[in-house]
Amino acid sequence: MTLSGPGATILSIRGDYHQDPGAGLHTLINGPKHTALQVESDAVLDGVLSIDIGDGFLPVPGESYIILSASQITGRFANPENAVTAADGTRFTIQYSDVAVLVTVR
């Protein structure tokens, strides 16, 4: 699933979200207003998370972005070492809570 947009884009799912091992969630971070997936019920994660950086945007180390929120999250993305490297070389660490997935710029 690809999430992208010029500003704040939130895709809302009314129900559960299940990401299979062979699937991927691809999102764009384009500043404080970025793309996110909002799940009304449960999210079950697997597969990979990938990120693109918007044109002209320069993420600052330490900044965090919520990528996904849900009533309950189980599973994890299969990214090695909970890391994502965007095409421009920006590196992120994936962090999980019971209700959100966020990425922090390294």
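**Briefing: an all-strand chain and its core**

Gly-31 counts as buried, because its relative accessibility is 1% (buried is under 20% relative accessible area, exposed over 50%, partly exposed in between, with a 1.4 Å probe and protein chains only). The model is predicted, so local features need pLDDT of at least 70 and side-chain atom pairs count only at pLDDT 80 or more, while totals for chains, interfaces and linings use all residues. Residues are numbered from 1 along each chain as its sequence is written, and side-chain values use heavy atoms, with hydrogens and water left out. The chain has 0 helices and 12 strands (DSSP runs numbered from the N terminus: helices are H or I of at least four residues, strands E of at least two).

**Overall composition**

- From the N terminus on, the order of elements is β-β-β-β-β-β-β-β-β-β-β-β.
- Of the 106 residues in the chain, 41% are buried.
- Among contacts with a separation of 6 or more, 74% are between residues 24 or more positions apart (contact means heavy atoms within 4.5 Å).

**Strand pairing**

- Strands β3, β6 and β9 form an open sheet of 3 strands in the order β3-β6-β9, with parallel pairing (two strands pair if DSSP finds at least two bridges between them).
- β3 (17–18) and β9 (72–75) stand at the edges with a single partner strand each, so one side of each has no neighbour in the sheet.
- Strand β6 (residues 42–45) runs parallel to β9 and is joined to it by 4 bridges; Val-44 has Thr-74 in β9 as its bridge partner.
- Elsewhere, 6 bridges pair β4 with β7 in the parallel sense, and Thr-27 stands opposite Ile-51 in β7.

**Nonpolar core**

- The largest nonpolar core contains 26 residues, and those with the most contacts inside it are Tyr-17, Ile-29, Leu-45, Leu-68, Phe-92 and Val-103 (a core is a set of buried Ala, Val, Leu, Ile, Met, Phe, Trp, Tyr and Cys residues joined through side-chain atoms within 4.5 Å).
- Two or more residues of this core come from each of β4, β5, β6, β7, β8 (64–69), β11 (91–96) and β12 (100–105).
- Beyond its neighbours within four places in sequence, Phe-92 is in contact with residues including Ile-29, Ile-51, Ile-53, Tyr-65 and Val-103.
- In soluble globular proteins, nonpolar side chains tend to be buried together.

**Surroundings of Gly-31**

- Gly-31 belongs to the loop between β4 (24–29) and β5.
- Not counting residues up to four places away in sequence, Gly-31 touches Phe-57 and Tyr-65.
- Phe-57 is 26 residues from Gly-31 in sequence, with a C-alpha to C-alpha distance of 6.3 Å.

**Salt bridge**

- The whole structure contains 1 salt bridge (a side-chain nitrogen of Lys or Arg within 4 Å of a carboxyl oxygen of Asp or Glu).
- This salt bridge is formed by the side chains of Arg-14 and Glu-40, at 3.6 Å from N to O.
- The partners lie in distant parts of the chain, 26 residues apart: Arg-14 in the loop between β2 (9–13) and β3, and Glu-40 in the loop between β5 (35–39) and β6.
- Arg-14 counts as exposed because its relative accessibility is 75%, whereas Glu-40, at 47%, counts as partly exposed.
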